[in-house]
Number of protein chains: 4
Amino acid sequence: MKVGVLGATGNVGQRFVQLLEDHPWFEIDALTASETSAGKTYADAAAWALPNEMPDAVREVTVRETSADEVSDEVEIVFSALPSSAAKEVEPEFARDGYIVASNAGWARLEDDMPLVVPEINPDHLGLLEVQRDERGWDGGIIKNPNCSAITMTPTLAALHPLGLNEVTVATLQAVSGAGYMGVTSMEILDNVVPYIGSEEWKMENEPRKILGEFDGARVDEADVSISASCNRVPTVDGHLENLWCRFDEDVGEDDAKEAMRGFTTLDLPTAPDQTIVVREENDRPQPRLDRNTGGGMSVVAGRIRDDGDARLKYSCLSHNTVRGAAGASVLNAELVAERYL
Amino acid sequence: MKVGVLGATGNVGQRFVQLLEDHPWFEIDALTASETSAGKTYADAAAWALPNEMPDAVREVTVRETSADEVSDEVEIVFSALPSSAAKEVEPEFARDGYIVASNAGWARLEDDMPLVVPEINPDHLGLLEVQRDERGWDGGIIKNPNCSAITMTPTLAALHPLGLNEVTVATLQAVSGAGYMGVTSMEILDNVVPYIGSEEWKMENEPRKILGEFDGARVDEADVSISASCNRVPTVDGHLENLWCRFDEDVGEDDAKEAMRGFTTLDLPTAPDQTIVVREENDRPQPRLDRNTGGGMSVVAGRIRDDGDARLKYSCLSHNTVRGAAGASVLNAELVAERYL
Amino acid sequence: MKVGVLGATGNVGQRFVQLLEDHPWFEIDALTASETSAGKTYADAAAWALPNEMPDAVREVTVRETSADEVSDEVEIVFSALPSSAAKEVEPEFARDGYIVASNAGWARLEDDMPLVVPEINPDHLGLLEVQRDERGWDGGIIKNPNCSAITMTPTLAALHPLGLNEVTVATLQAVSGAGYMGVTSMEILDNVVPYIGSEEWKMENEPRKILGEFDGARVDEADVSISASCNRVPTVDGHLENLWCRFDEDVGEDDAKEAMRGFTTLDLPTAPDQTIVVREENDRPQPRLDRNTGGGMSVVAGRIRDDGDARLKYSCLSHNTVRGAAGASVLNAELVAERYL
Amino acid sequence: MKVGVLGATGNVGQRFVQLLEDHPWFEIDALTASETSAGKTYADAAAWALPNEMPDAVREVTVRETSADEVSDEVEIVFSALPSSAAKEVEPEFARDGYIVASNAGWARLEDDMPLVVPEINPDHLGLLEVQRDERGWDGGIIKNPNCSAITMTPTLAALHPLGLNEVTVATLQAVSGAGYMGVTSMEILDNVVPYIGSEEWKMENEPRKILGEFDGARVDEADVSISASCNRVPTVDGHLENLWCRFDEDVGEDDAKEAMRGFTTLDLPTAPDQTIVVREENDRPQPRLDRNTGGGMSVVAGRIRDDGDARLKYSCLSHNTVRGAAGASVLNAELVAERYL
C-alpha cells in the first residue's frame, strides 16, 4: 500500500520515515514539505537528527510541496506531521480528494465527527469516518491520535476506567523533543525546568475524556472523568514521564490496578507492541532513558503503583513521546484503518 | 556569638560556612568533620564545590572531630549538617552539654518534644525547647528545620491554611544537590528523570502537618490537612520545583490566594528575606535556574496560581534546596533562638 | 556619565544592563532595541533571563529604536550588543554623530583603523581612535573587544608572549550562552557535543594576533604567533573552557609560566578584577560551574599548566563568556576610554 | 564456544552481556562478580542500566565469585570487565589455567609480552600470546584492548601513519559512562566540564604508539609518533569525541587523508563493522548523540578533516566508548583469537 508523509522533514516527520522503513504493509511513495524544500532530495532537505541513519531508500526521493495535487492517486494513506496551522488548511484538502489522513496535528481533535483514536482503546470510534464523509462530503477522511502527553497516560486510564475511575490529577515531566526540533532553546532548559507548556494542560484534560467516551454510531459521549494537569518541560531528550493520582468510586487495590494494566488489550498489528502497558515492580521506574524504548517505543511503562488512601491510587507512567506519542501513534491508527476498512 | 558547624566539609556544611561568612551575629569558632578530616585545615579537608570561593577566614581553620569535647564552651550554637545516622548519635551529646543544635538532619523531626520550625510560620513551637530540657534533662537543646522538599511548599501551605485548606496533592521536580555531593550519579540523571527519592514522600506528607499544627505548651497537635506526594529527581543542580493542587473547604479565589501568599509573615532577622513568598505573574515561572536565588535563596517563589474548579487551586512553587531548604533554614532558626532566648 | 545600550533586550544586552546597575561612573540613559520593542517599557520588551532580577531602575525605561536620532546628545558612550549585521549599519552612524561606541559586535574587528582592545593587554591601541577619526571623519569612534572564545585565552597568551611564544593549538568547550538566547536548540545539545561553531575558529586564529601586535601610531603590526583552533559547543550554560598547547622558541618552565600569568597587568578600573589571571593548582580546575564567576566573571582562570616537552607547555583556561567575554569586556573598554580620553 | 564474563554486573560487564546475546559463535556459560553478588541470579545481582532490557537468557543465571575455580573447563574465553586492581590479581590466574582472557582492564597493557590489539590495525601482535606462554608458563593467555579514549583515535592514526604521521595533539570530550556507573557524580558534571581524567592522558599518549608499532616475533617496537593529550569529561552519556591535530613529514592533502580513512582495513568478523572508519562531510559532525551507534557502535566516525598548514591536518573523531571503546573491543579481539588460534 503506497503512503505519503506530509511535513516529512521535521522532527516527527523523520520519525515517520524511520518507522515506515521496512514496514510490512506500507511503502513510502511521497514525501512533502514546505515550498523551500520542494524539489530537493530528501537527503538535502531534511536535517536528519535521529540517532540512526536516514534510510537509504528515501535519500534520493524528491521532496514535493505539501498539496494533494502533488501526491499520486495511487497513494491511499498520508501521514501528517504538519504543524497545526498548516494541517488545518491541508488535511481537509487531502481528505476531500479521497486520501485517508492519519494525523498527528492538534487541530480539530475534539470536533464532533473527528475520530480521536488509540487502537487498543477505542477502535470503534473509527466509525466516525463514515459520519465525517456524510457530513463533510469527503471521499477520504481524517483520523487523529492524541497529543503526546495525553497519549502517555490514556492507556492506563482506559485500563482503570472500568474500576470506577472518576478523577485524575497529573503532573508531567516532558522531554524537549515534544516541542519539535526548534521548540525549546538550550538556554531555557539546561540546569532548569519550565513549569508551563502552552495549551498542553487543556489537551490532557480533554482528549482522554473523548477517547474513553462511548460512540453511539453518530457521536462520542465523553467519559465522566475529571482531569487536572500541570505540565513541565525537563532536560531530557525523549520520553514523557507522568505522575498520576486517580480517584475511584470506591477503594481499588494495587494488585487489581496492576492486573488491569497488564491485561489490557493488545492488538495484532505490525506497530502494536506485545504488551500495551508494561508494569514494572522496581520502586524507581519508569525512567525516560531506560524505559522509553520498551516495545520499540510503543509500550506505555507504568510503575510505583501504590495505594493513596481515600479511594485513590498513585503511580507513574511513561511513553516515548515521538513514537507512541506521535509518529508511531499515527502509523498504528493507519494500520487499524487498513486492516478494517481498506 | 561563637558558633560551630558539625559536618562542615560536605555539601550542606559548605553552604553553612558560606552563609555564616560576614554574618552580623555569628562567628565561626569550630568546624568539625569525620575522623579522617580531623587535624587538617578546612582548605585541605573540604573539596569546596560551591560557585563562589571558600571564605578566606576559614581556609586555615583546623577541622576537629565531631564531638562535644572538641568544641569550646564559648560556642553557644552548633549547626548540624551531619547525615542522619551520625546526627542521631552526636546531636543529643551536644544538647546535653548545653549547646543549642540547629539541625538540618532528618532524624527525630517528628518526635513529640522536638521543635520543627520555620520561623515565619511557627516560631511559638520553640517553646518545645523547654519541654525538651525538662524531659531529657539537657542543658541545651535541638531545633530542627524540615526536609528541603517539605520546606519548599510549607510557607505557601501556611499562607493558605487559614482559607480552609484540607487536602494537598504535590509532585516534585528536585535538584541533584538535595541528595548530597555523592548522592546522584551522572549515569542516573543525564537525559533522565528518576521518579523516586527514598523516604522523601513520607517527609513531605508528615512534616508540614506538624509545622502547621497548634502548640499547646506541651505538645503540637498536627494540622488536619492530608498530603499526598510523588517525588522526582531531575537534572538540575539547585532548586526544587513543586506542582501543587490544594483543596479547600469551599471555593477560594486566585486573588485571595495570591494576597495570602504575598502578605505572609516576614521577619526582621538577618537571614530572613524581605518577602517570604514571592508571587510571580508570568505563566512560565518559577524556574529553578532563574528563581532559586530570589531573596538570597531564602524566598519561596510561587507562580501559575489558578483556579482548578471544585474548591481546588493549583500552582507551582520553588525554593533553593540547600539555602532555604537546608543551611539557610537552620541559620534562620538559630537567629530566632538567639533573638528570643539567648 | 550618561550611557546607552544598543540591542538592550537580548542576552548580552541584559548583561550590559546588569553590569551597569550601580556602576560608579556610568548611568544608563538610553536602551534601544528593534522596531517591535520600541515604545514598550524595558520590563515588557526584554524577556529577562538572567539568574538575578532585572534592576528596578530600568524596568520602566521606555525602549527606543536603535538609531542615533533616538539617543540624547548628553549620552557619551553607547554599548553595542547588536548582532553583527545590524551593528555594521548602526555603529558607524553613532560614531559619526560623536558617540563612543564600545562594541561587542564581530564586524570590523580586524579593520586597520579599528582598535581591538583588552585593557590589561593593549591599552595603547586606543590610539587608533585618533586614526579612525582622521580617516573616517567621525566625531566619535568605535572600540571593539574580541570574540568570547578569543578573549578567554588571550590574556594568558599575552602573559606568555614575552617568553617566546610562537605557536598555539587550542580546543574549546564553549557554553551555549555564547550563541545567544536562541542560538542553540536543546535538541542539538542535550546529551551531545557539537564540534563546530560557525566562523569561531577564524576569530580565535586572528583576533589575538592583532591584540598582541605592536601599534606604531598608525597601524597595528600583528604578532607573529600562529594559532590553530578547533571549537566545540558543550551542554554548559555559561563559561568557555579551553585546552591550549603553546610552543616557544625555547623551553619554558611551568613555574615561569605561572609567574608570568599571576604577575600579569591588573588595572585600577571599576570593572577590572583584582587578578586578571587566576592560576589554580588543583589538577581538575578550572571548571565552568565553579570558576566562571571568579573576579565577578572578569578574571581568566588558568590551571593544569604542565610541561609538554619539545618547548611546549599545555594548560586549560576559562572565562565567563558573557561577562569577560562580552558585556564586561565592552564596559571595561569604555572605562579605559573614559579614564584616558573623556 | 562457551565463554564467561568476569565482573559481569558493572557498566562494561552489562555491555558484554548485551553484545554476547545472540552472538553467532559465543555462548555465555559463566557470569562472575564480587563475593556479595555470588549466589544471586544475574537479574538480582545486576542493577541493569542499559536502555534495552536485560536479555532473558541471563536473568536466571547464577552469578559466581570471580575465580578460575568457579568457571567450567568447557569455557574457552573469558571477558574481563574487572576494575584494574582486581584484574591484576585474577586475570593471570585464568591465563595460567588455560583460559584466553579478552581483557578491557587497564593494567599491564604496555608490558612487553602483552598483546594490545585492535584487530583491524595490528592482528599480528597476537603473536605475543606465544611469547607470553613461553615466558610466563601459561596454558592460556591475556589479550588487551586499549583504553576507550585511545581506541577512539587510534584507527584514524593507523590510517594516517603510512602518510608520514609524526606528531599528534589531541583534546578529548569524554562521556560519563567511561568512568563507570558510579564514576562521575551529577554534582560534578551538570552544567559543567571537568578538564582532567586521572591517568587518561598517559594512556592516550602511550597505547597508540604500541598498537602502531612493529612486532618482530618477540617484541613490539613502538611507533615513532609523539602524542600529547588533554582530557575533559563533559555531560554526555555515551560517546567520546576527540579533536586532533596531526603533523606529518610533509604536506598531506585532505582528500588523501579521507581516502586513507575510508579505505582502512575492515574485517569479516561478527562484531566488526562494515566500515571501520566512517568519514562524514558535514561540517558539524561527528556528534555523540547522533553518531555513537554508527556500525552498531563499532565504527569510528571522523569529520571536519581540514588542512591546517605547515604539514598539519586537523579533524574530529568519535566512537562509542563502551562498545568500540570497551566491551565491543574485547569481543572483537576474542573473535580474532577464535578465528586464528582456536
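Student: Glu200(C) is buried yet has no salt bridge, so which side chain of opposite charge is nearest to it, and how far away is that side chain?

Tutor: This is a predicted model in which local features need pLDDT of at least 70, side-chain atom pairs count only at pLDDT 80 or more, and totals for chains, interfaces and linings use all residues, while side-chain values use heavy atoms, leaving out hydrogens and water. A salt bridge requires a side-chain nitrogen of Lys or Arg within 4 Å of a carboxyl oxygen of Asp or Glu. For Glu200(C), the nearest side chain of opposite charge is Lys203(C), at 4.7 Å.

Student: With which side chain does the side chain of Glu200(C) make a polar contact?

Tutor: Residues are numbered from 1 along each chain as its sequence is written, and chains are lettered from A and ligands numbered from 1 in the order in which they are written. A polar contact is a pair of N or O atoms within 3.5 Å, where within protein one must be able to donate a hydrogen and the other to accept it, and residues adjacent in sequence count only if both atoms are side-chain atoms. At 2.9 Å, the partner of Glu200(C) is the side chain of Gln174(C).

Student: Is Ala108(B), with its positive phi, buried or exposed?

Tutor: Ala108(B) is not a glycine, yet its phi is about 70°, and the residue sits in the loop between strand S5 (100–103) and helix H5 (128–136) of chain B. Buried means under 20% relative accessible area, exposed over 50%, and partly exposed in between, with a 1.4 Å probe and protein chains only. Because its relative accessibility is 13%, Ala108(B) counts as buried.

Student: Why does Asp22(C) fall into the class it does, and which class is that?

Tutor: Asp22(C) is likewise a residue other than glycine with a positive phi, near 65°, and its place is the loop between helix H1 (11–20) and strand S2 (27–33) of chain C. Since its relative accessibility is 71%, Asp22(C) counts as exposed.

Student: What is the omega of the cis peptide bond that joins Arg285(C) and Pro286(C)?

Tutor: Pro286(C) lies in the loop between strand S12 (277–279) and helix H10 (288–291) of chain C. In chain D, the bond from Arg285(D) to Pro286(D) is cis as well, with omega near 5°. For the bond between Arg285(C) and Pro286(C), omega is about 5°.

Notes: Lys, Arg positive; Asp, Glu negative; His and termini not counted. Helix = DSSP H or I, 4+ residues; strand = E, 2+ residues; numbered from the N terminus.
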